[in-house]
Amino acid sequence: MWPFSKKKQLELPDFWWDYEEHFKEKLPENIHENTFVVLDTETTGFSMTKDRMLCIGALKLVDNNIVVKDSFEVYIKQEHYNRDSAEIHGILKKSKKDSLTELDALKLFLKYAKNHILVGHHVIFDINMINAALKRNGLPKLKNKTLDTETLYIRTLLISTVVQRKERYTLDDLAKKFSISRKDRHTALGDAFITAIAFLRTIEKLKPQKIKDLLR
Amino acid sequence: MKNTISERIADFLKNYPPFNTMEAKQLEQLSLEVVIIHKETNTIVFSQNENPHEHFYVVNKGAIALSKEGSSQILDICDEGDVFGLRPLLAHENYKLEAKAYEETILYAIPIKEFKPLALENKRIGNFLIESFASNTGNPYSIKHRGKLYGSNQEVDQYSTNKILDLQPIKYSTDLITCKKGTKIKTIANKMTQHNVSCILVEKDNLPVGIITDKDLRKKVATGLFPISGAAKTIMSSPIITYPKELTLAQSQMAMMKSNISHLVLTEDGTTDTRAVGILSKHDIMVAVGNNPAVLLRAIKRAADAKRLRGIRHGIMNLLQGYLDQNIPLGLVSKIISELNDASTKQVIEIALTKMEEEPPVKFTWLSMGSQGRGEQLLNTDQDNAIIFEDVPDEKLEETRGYFKKLGERISKMLNTIGFEYCPADMMASNRSWCQSLSEWKKVTSHWIHNPGPEEILLSSIFFDYNVVYGEKALADELSHSIFDQANHYPQFFTHLASGALQNPSPSGFFRDFLVEQDGEHKDFFDLKLRALMPIIDAARVLILSNSIKSINNTAERYEKLAELEPNNKELYLACSYASKALLKFRTRQGLLHNDSGRYIALDKLNKEEKIKLKRTFKTIKEIQSLIEVRFQVKNMLR
């Protein structure tokens, strides 16, 4: 009936279909049964079109546990290179760490993330970066649900009109508030770890009953 | 392959035994196998008689309380870097204690499968384990001692059931330093110095025959009475007085007083015919009575960093529990605990000041507000605080504020470390709006008084209970003057304050039933703070402020003062004073029982007597509410 759309779908590689397959499953209702994938990306800059991801770091949170061995850290080979941001991340173009092509990195990430909820600080930026990379490689956008730790954190604060409140909270602000060591700031997995702890502590404050309370 | 997180874990573990003895490579590998666990307050890590897990645990952040199931008595608290839950895994037995998160905690769970081969291979790890299972390294603030935290033996029962501290067995040093009758005095003095002990035991055929203390050296040798080249037997006290090793605190104190000695020698059966097993010094007793306000206060004043203070605060909580168990009048209890809270805050400020690069540019005052300001903060609840600094020229204002804001941030962070939660509404000196110059504060408070909307009333009700904890009292006094001046010119303010005090929902419904929360996280719980404590506290505030009295902050004391000022309402005020104490005690008990703020109460957990006691206070609340309603003509305003 729709010959064109069918043909277009067939172009997608197997690993994408494996990824999509996971979304047939519904997420568990109970928070503790859910797996959260906490992620962070390091990029060459803030432009969706010009800049590229250098590294994706992620870890899995299941029922308040993080299994260290089951964390995710890939470095991506660079064509495009931005001198300014390399100074922040300390990732040089020809880094000694084994790096993968963008497509391989995405492949691994999709396999890791499955249909789990993605959690990040200003998560929309990381998602956009990944989506841009997916697009470059002829793939559709991520299908995962997302949670932003900044938005969640703001929900823990009381609303008061007289006491001034900050508009934005950086990952550093959160790390300070929850006294998390900021030792590995600006490595993707290090930031993902800080985000994960901040996420856990925020959840403890919010005490949501069901997963939908968080996603609202 | 190591990753960023495992490196981070290794970096933490390498500071603590037994991991500090491991090679970097081994530790790296072990760290990769770790599972990081986040535990919410009061959740169980393992329970008594549970089968051993595959992991043992190291506390990364927070604290874990070990106790016998069903008993509220905490046997030990494991802090940052402490290992627990290991012995049952090695001994293949079930857990003997229950481990529960005392506060929000992050644990590193280390798989025994990976750890065991390392422990067998590395002799130093093995030694650590043997030592920690066998020794009794005392933790002065836990009634039990750390060595047993991997499991327990029968002794634990003795500790946990014995609630009266005086009758508890006491910890003594088993590390005996001995000499012979013929040993030279100089050698003895050197040996004592080397081991840093205050006494040495003189033995013959492995049996104790005498004792030489610092005092003997001072009185007998330094005075020239005996030559330094003399032998031990010339100056030792002999025969010695010995006691059996199962000695309680009270017994040992009495023994020392009776014989006027500062050291007791403990032997196998209490006679001089058996081997000496330990020496008990006055210092050991001091440590054992660590749950004593004077000792705690001294410890607070000596603490050099927040971490140390945190440990002391566990001691304060133990003390509080003891007071409540022994039914000591709450007025006295809250005075002592507030004194200790204030001292902790003061010490935190002192430490923070030494860490600032510069001296404060002008004088300042640190105010604590809310419950701490009222001297009613028995549990570790939120911190509410503010800074007033001296007026400076306009061009200097922001620079000066910058300094104090930074100081405020430091202090509030340290207070958080020692156990006072951040204020969720950000009413802390680290916030710009709560760190202001004297004239700014005057402006703000006068604005509240002249524009008493609900928000302003709420803020005044928190702020007006302020109490000077540190710094220049004159600044606070001047602010108080200004506040009363404004309020007397604008008496309407009291009407608004009174109406604010009546805003809180009533504690009981039509048939004198408790009204419980309808929804949210605390559905079906009774909100003790909002429905019972707040009305009585708010009423006291408006009444005392309308009498222009600022120096009394404590609610019970406010009512006592009111009873004195208005003899015709004396009975009601005294009932209020009693009710406020009863409610606070109730809240504190509940809080200690559940290790939370004690605010929400599960009614089905209360017994009949407790329910009746609570309901009795409700009657008083209703009466005081109608009194202020009439006095401040709140009805007219509402119309």
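The contact between the two chains takes 29 residues from chain B and 31 residues from chain A. On chain B, four elements each supply at least two residues of the side that touches chain A: helices α1 (4-13), α2 (24-32) and α18 (454-463), together with strand β1 (35-39). By class, that side of chain B has twelve nonpolar, eight polar and nine charged residues. The model is predicted.

**Strand β1 of chain B**

Strand β1(B) pairs with a strand of chain A as well as with a strand of chain B. Across the contact, three bridges join β1(B) to strand β3 (residues 65-67) of chain A, and the two run antiparallel. Within chain B, five bridges join β1(B) to strand β8 (residues 105-111), again in antiparallel fashion. The residues that stand opposite one another include the following pairs.

| Residue of β1(B) | Residue opposite | Strand of the residue opposite |
| Lys39(B) | Thr105(B) | β8 (residues 105-111) of chain B |

Is β1(B) largely enclosed or open? Four of the five residues of β1(B) are buried, so the strand is largely enclosed by the rest of the structure. In a regular strand the side chains alternate between the two faces of the sheet.

**Helix α22 of chain B**

Helix α22 spans residues 555-565 of chain B, and its buried residues are Thr555(B), Ala556(B), Glu557(B), Arg558(B), Tyr559(B), Lys561(B) and Leu562(B). What do these buried residues pack against? Their partners are three elements of chain B, namely α14 (330-355), α21 (528-546) and α23 (570-594). An α-helix has 3.6 residues a turn, so residues three or four places apart point the same way.

**Asp214 of chain B**

Asp214(B) lies in helix α8 (residues 214-222) of chain B. Asp214(B) has 15 other C-beta atoms within 10 Å, and is therefore partly exposed; a buried residue would need 20 or more, and an exposed one 12 or fewer. Which residues does Asp214(B) contact, leaving aside its neighbours within four places in sequence? They are Ser198(B) and Cys199(B). Ile200(B) is 14 residues from Asp214(B) along the chain, and the C-alpha atoms of the two are separated by 8.9 Å.

Note on methods:
Residues are numbered from 1 along each chain as its sequence is written. Chains are lettered from A and ligands numbered from 1 in the order in which they are written. This is a predicted model: local features need pLDDT of at least 70, side-chain atom pairs count only at pLDDT 80 or more; totals for chains, interfaces and linings use all residues. Two residues are in contact if their C-beta atoms, placed from the backbone, lie within 7 Å. Ala, Val, Leu, Ile, Met, Phe, Trp, Tyr, Cys and Pro count as nonpolar, Asp, Glu, Lys and Arg as charged, and the others, Gly among them, as polar. Two strands pair if DSSP finds at least two bridges between them.
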